[in-house]
Amino acid sequence: MNVGVNVGVNNELAEIEMKILDEIMKNPQITALDISSIIGKSKKTAERYIKTLKEKGCIIRDGSDKKGNWKVIKLR
């Protein structure tokens with residue numbers, strides 16, 4: 001039985017998500033490709049993390065996909 005695998009999945013942010021938020025705060029114009037190299041995952045995985053952070057209400061995109069910036073709304 002994998003106890004703990006799903007603990008906190010819905011309410012708490014994973015360590016990797018916190019790392020992504022930290023990087024977004026350092027560089028609001030960061031791209032999914034940049035994030036992927038920082039976290040050591042594929043671009044597609046970075047995009048999934050970004051989508052999850054948006055769904056959790058942690059980040060929003062201000063402006064267009066090409067010229068816009070990320071804004072961190074909440075850290076938890």
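Which residues form a nonpolar patch on the surface? The patch consists of Met18, Met25 and Leu75, which together have about 250 Å² of accessible area. Patches are made of residues with over 30% relative accessible area and no salt bridge, like charges being joined within 9 Å and nonpolar side chains (Val, Leu, Ile, Met, Phe, Trp, Tyr) within 5 Å. A salt bridge is a side-chain nitrogen of Lys or Arg within 4 Å of a carboxyl oxygen of Asp or Glu. Accessible areas come from the Shrake-Rupley method with a 1.4 Å probe, and for residues only the protein chains shown count as cover.

The model is predicted: local features need pLDDT of at least 70 and side-chain atom pairs count only at pLDDT 80 or more, while totals for chains, interfaces and linings use all residues. Residues are numbered from 1 along each chain as its sequence is written, and side-chain values use heavy atoms, without hydrogens and water.

The chain contains three helices and two strands in the sequence order α-α-α-β-β. Helices (H or I, at least four residues) and strands (E, at least two) are DSSP runs, numbered from the N terminus. Methionine 25 lies in helix H1 (residues 15-26). Methionine 25 counts as partly exposed because its relative accessibility is 45%; buried means under 20% relative accessible area, exposed over 50%, and partly exposed in between (1.4 Å probe, protein chains only). Of the 76 residues of the chain, 26% count as buried.

Strand S1 (residues 59-62) pairs with strand S2 (residues 69-72) in the antiparallel sense over four bridges; pairing requires at least two bridges found by DSSP. Isoleucine 59 is opposite valine 72 in S2.
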